[in-house]
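Have a look at the model first, then read on.

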Amino acid sequence: MRPVGVLLAFCCLVLSTTGDHLRGFCSQTLNPDGKPGFPKKINPHDPGVLQAARHSAERFNNCTNDIFLFKESHISRALVQIVKGLKYMLDMKIGRTSCKKIQHPILDNCDFQTNHTLKRTFSCYSEVWVIPWLQKFEVSVLHCH
């Protein structure tokens, strides 16, 4: 078995014991020319990517003084790297919602602003380190403009 195959098999064995946090990751085909530990493209709609994007938006909300909450609106590019867990690298947009921070709502229930004067969108690059077997998420990089 090639080193890439061994690494993927080990990763899938670990992930299979951690529940459905990253369901579908093991079924993805690795590029045969890829090297272990190198980032690879992943579907922006992958559940692990969506969860990493949500953690990035929540981190943004904790770092801003805006009275409204922001949430992810579009993920244009996603990479994943296997490094003591999974490291997601995301290019995404986040938008202002109509939910105020003081209400502490669930972001899934928040619609994006429709008022043109309150609408605001940021383009962000984020890196999120996920250790699924510890249920740990850490947003190590978040740059928005």
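Which residues does Ser126 touch, not counting residues up to four places away in sequence? They are Ser56, Tyr88, Met89, Leu90, Val139, Val141 and Leu142, where contact means heavy atoms within 4.5 Å.

## Ground rules

This is a predicted model, where local features need pLDDT of at least 70, side-chain atom pairs count only at pLDDT 80 or more, and totals for chains, interfaces and linings use all residues. Residues are numbered from 1 along each chain as its sequence is written, and side-chain values use heavy atoms, with hydrogens and water left out.

## Around Ser126

Ser126 sits in strand S4 (residues 121-131). Ser126 counts as buried because its relative accessibility is 0% (buried is under 20% relative accessible area, exposed over 50%, partly exposed in between, with a 1.4 Å probe and protein chains only). Its side chain also reaches the backbone oxygen of Val141 at 3.4 Å.

## Salt bridges

The whole structure has 6 salt bridges (a side-chain nitrogen of Lys or Arg within 4 Å of a carboxyl oxygen of Asp or Glu). One of them pairs Asp66 with Arg96, closest N and O atoms 2.4 Å apart. That pair links distant parts of the chain, 30 residues apart. Asp66 is buried at 16%, and Arg96 is buried at 12%.

Lys87 and Glu127 form another, at 3.5 Å between the closest N and O atoms. Lys87 is in strand S3 and Glu127 in strand S4, so this pair ties together parts 40 residues apart in sequence. Lys87 is partly exposed at 23%, whereas Glu127 is buried at 14%.

Technical notes
Helix = DSSP H or I, 4+ residues; strand = E, 2+ residues; numbered from the N terminus. Polar contact = N/O pair within 3.5 Å; in protein donor to acceptor, adjacent residues only side chain to side chain.
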